[in-house]
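Hi everyone, thanks for coming. I'd like to walk you through one structure today, so please have a look at it with me.

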Amino acid sequence: MTGPTGARVHVITTGGTIASRPGRDGAVRVAVQGHDLVSAAGVRVTVEELMLAHSFDLTVAESLRIAERARAVAGDPEVAGVVVTHGTDTMEETAYLTDLLLEPGHTVVFTGAQRHAGLPDSDGPRNIADAVRVAAEAGGLGAVIVMAQLVHAARYATKSHTLAPDAYSSPGVGPVGHVHGDRLHLASRPVRSPWLTPGERVSLEARVDIVPAYLGADGVHVAASRQAGARGIVLEAMGAGNATPGLLAEIRTCLAEGMLVLVSSRCRQGPATPIYESGGVALQRAGAIFAGTLTAPKARLLLAAALSAERDPRQAAARLSAYLGA
């Protein structure tokens, strides 16, 4: 199990359950140093501890720091692939952000654990070993998540169970591969939409809020986000992309004031797409952009990146539409 021309795998550790143990009070906290996590016989591995934190404690800036570091290391010609150990709560967001930044031809594998390192049946060691194997053998995947022997494209992966070891799934798409024993089997390769221009850096300074749609929602959360200075809203809409009359009214105000609105769905399978005249069609006519199968947390990062890169909302909207195929 070696990478091209004997290249090494670089492991970046950031904390999470995979690096956690219970203290004397029984509460689980991050405590395991990066070098104590990794054991990968047959593969030349280097380890870098970037931080030691639970992923629910991460800021957007820290998530971007992880993604930028992974991108930089992946560009090293002596590195076959990169593994990032990460808490599972926000792993899908950092992995997707990394996928936005990553140049073609590179692989960054995210992994973590659902059972902490103090348990005899912790899933961490197996997940790390599988992640190192994928990073060493599969070039050009972009960012992927490896958990419970399955390989998920970052674009589609989402945490779908709070406690089970197979916490991650790719609703409506399925995994792109799996690790069986000491063999990697790839069924397909992720199709990635280009986002960055050569040499471009990503900023996430623009405030973007997620607003959920639910029965009887009156739009007060949209109004509060606008008043708080948000430049964009991600509407986690009902069904195929529908909003209540109260939400629609407030979103029209946002769009009229130059804000951008991305529409995702609270459903875990199927795209957000305009169908109903008083629902998704009304949102589209008002100027909202539909995010397809992109989940709300990922749509938020994408919209923040677009608004941070382009001060003119029309240019940001054009860039979003090109990326999403809208």
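A quick word on terms: helices (H or I, at least four residues) and strands (E, at least two) are DSSP runs, numbered from the N terminus, and two strands pair if DSSP finds at least two bridges between them.

Before going on, please keep in mind that this is a predicted model, where local features need pLDDT of at least 70 and side-chain atom pairs count only at pLDDT 80 or more, while totals for chains, interfaces and linings use all residues. Residues are numbered from 1 along each chain as its sequence is written, and side-chain values use heavy atoms, with hydrogens and water left out.

How confident is the predictor? On pLDDT, its confidence in each residue from 0 to 100, the protein has a mean of 93, and 97% of its residues reach 70 or more. Residues 1-5 have a pLDDT below 50, and beyond near neighbours in sequence this stretch makes 12 contacts in the model. Contact here means heavy atoms within 4.5 Å.

Eight strands form an open sheet in the order 4-1-5-6-7-8-11-12, and the pairing is mixed. Its edges are strand 4 (45-53) and strand 12 (183-186), each with pairing on one side only. From one strand to the next, the twist averages 20°. Strand 1 (residues 8-15) pairs with strand 4 in the parallel sense over six bridges, and Val 11 stands opposite Val 47 in strand 4. Helix 2 (residues 91-101) packs on this sheet, touching strand 6 (107-111) and strand 7 (142-147), with its direction at about 155° to that of strand 7.

Which helix gives the most to the lining of the largest pocket? Helix 2 does, with three residues. A pocket, on a 1 Å grid over the protein atoms alone, is an open set of points with protein on both sides within 12 Å along at least five of seven lines; a cavity is a set where a 1.4 Å probe fits but cannot get out, and lining residues have an atom within 4 Å of a point. Grid points are joined across faces, edges and corners, and a volume is the space filled by probe spheres set on the points.

The largest pocket holds about 530 Å³ of space. Of its 30 lining residues, Arg 192, Ser 193, Pro 194, Trp 195 and Tyr 323 lie nearest its centre.

Finally, the largest cavity has a volume of about 40 Å³. Its lining includes Val 211, Tyr 214, Asp 218 and His 221.

How values were computed: Axes are lines fitted to C-alpha atoms, for helices over the stretch in contact, and angles run from 0 to 180 degrees between N-to-C directions. pLDDT is the predictor's confidence in each residue, from 0 to 100.
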